[in-house]
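Hello,

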Amino acid sequence: MGDRNKVAEDDVDVKKNYSASLDEALTEAGFGWVNLKYCFGLGLCVIAPILESAGYGFVMPAAVCDLNISDTQRGLIYSIPPVGIVLMLFQWGYLVDTKGRKKVITCSCLGAGIFSTASAFMPDLISFAICKFVTALCMGCALIVPISYVAEILPKEYRDLAVTVFTTIQLLGSGFVPLLAWGILSLDFSVDFGAYFFRPWRLLVIVYAMFFLIASVFLFFVPESPKYLVAVGRNDEALNVVRGIYIKNKKKRPEDFPIKDLDENYDSKKESFLTSLKVQSLPLLKPPYLKWLLLNAFLLFGAYSVLSGLYSWIPDILNRLLIDDGEGQTACDAFQSISQAVDDDGGDVCNDTIDRTTFIISTIASFSSFVLASLIGSTVKFINKKIVLILVLIGVGTICIVITLITEVIPFAVMLPFIQGINVVVGLVTAFSVDIFPVNLRGMAVCLTMVGSGLGTVFGANISALLLNTACNVTFYLLGGLLIFCGFLALLLPKS
């Protein structure tokens, strides 16, 4: 009897030593160079949509004459990316949860790169906008999913830090927006293509689009998310992925990996699109997940209202401030004073000139915001991410209000990195989504949460287009106040 008990105990020990959950296996694989490589590689997927969206801030002022764009139309153009993203949220959420993260993100990047490149060759505003709209439909997955994808290949204790730092990579991408614009828009050429002239801004559109195509190539070398693999019952493949991370991180042989089996059980039966959509969506639209979905979405609504409503217009505001030699006047005074130049005959003269100093200040501000956001993001290892989120929202909201009082170019430029730092909110909110929602619903939950970002971008871009020329200060007060309100709402988030 005693011998039988001893054998049973040995069997339990063997199972305990060689069978583990996915989180335990990822912890055993550790955090090292291979994880960082995936983080920075997948960061390309996020940088590309940032270049595409933020690039409008330089492309539109340079294309204003060729495409005959008014300020109101520019607000509509700035709204194209979020509208396209929102329209495809359910489809991307369904696909990444049923077809896999890697395959779907690759197709997203490839499609966005092709149509964005095509937009550079469009002769008028309508055809240009159509190509940009299709680009937006494609790029939603590339913007949203990589953040949770990264979290799914990391040990649990590193997820908050890595996801937040990963989001700051977006700000690194923002730094390349003015840098590339400076190099390309400084060129002076015009090639007659018959229906239009190919000028530097069209080349800039192509260069921005190349990042999508580069990211799609890199994704061929990235493993599928092990969390997705176990979610569809492919435990052996998931174990191979984790084992590969272990081998590269710890420089050991495959047989040294102590975990031989993943103790994970998920329902992997296949369902139709509508049935799967219902299964994935309905649990998120009722307690206990609905309140967190709405809260996270509203926090992103506030963040993207500022990113689109202020940050997208800042290059133009700064450019008008510099062109008007805005000594002693606020940014709003400069913006409203030179909507258009007037020629000697009293007619409107289209001005698509961008001052060289605009590029310099924007580039410095963007890279400064990357450093600032990296420092803020790294604090989540030592400070509760909920506290960091609240401080960022209230702090940036206050800056948006104070900046209306600035009457010098240099102090105005110093404030810019702090406004761009609002990008950190995206990573922090996504980190909460990873904590709150189960893996089989996470892709859909993150996509639905991003509805808030889409609506925020539409709201911010159009409210700015309507108010900047007539009630400029109100725009800053409204959007700054919205962020402060979001900061207090963030108090309702669960403890991390």
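The largest cavity holds about 330 Å³ of space. Its lining draws two or more residues from each of α3 (33-54), α5 (71-87), α8 (125-151), α14 (290-311) and α22 (451-467). Please keep in mind that this is a predicted model.

In total, 22 residues line the largest cavity, and those nearest its centre are Ser-53, Ala-54, Tyr-304, Leu-307 and Thr-457. By class, 14 residues of this lining are nonpolar and 8 are polar, with no charged residues.

A search of the whole structure gives 6 cavities of 30 Å³ or more. The second largest cavity has about 100 Å³ of space. Around the second largest cavity there are 13 lining residues, with Tyr-311, Ile-314, Pro-315, Ser-362 and Ser-366 lying nearest the centre. At least two lining residues come from each of α4, α15 (314-323), α17 (356-378) and α19 (409-420). Helix α17 gives the largest share, 3 residues. The lining of the second largest cavity has no charged residues either: 8 are nonpolar and 5 are polar.

The buried residues of α4 are Tyr-56, Gly-57, Phe-58, Val-59, Met-60, Pro-61, Ala-62 and Ala-63.

Regards

Methods:
Residues are numbered from 1 along each chain as its sequence is written. This is a predicted model: local features need pLDDT of at least 70, side-chain atom pairs count only at pLDDT 80 or more; totals for chains, interfaces and linings use all residues. Side-chain values use heavy atoms; hydrogens and water are left out. Buried means under 20% relative accessible area, exposed over 50%, partly exposed in between (1.4 Å probe, protein chains only). Helices (H or I, at least four residues) and strands (E, at least two) are DSSP runs, numbered from the N terminus. On a 1 Å grid over the protein atoms alone, a cavity is a set of points where a 1.4 Å probe fits but cannot get out, and a pocket is an open set with protein on both sides within 12 Å along at least five of seven lines; lining residues have an atom within 4 Å of a point. Grid points are joined across faces, edges and corners, and a volume is the space filled by probe spheres set on the points. Ala, Val, Leu, Ile, Met, Phe, Trp, Tyr, Cys and Pro count as nonpolar, Asp, Glu, Lys and Arg as charged, and the others, Gly among them, as polar.
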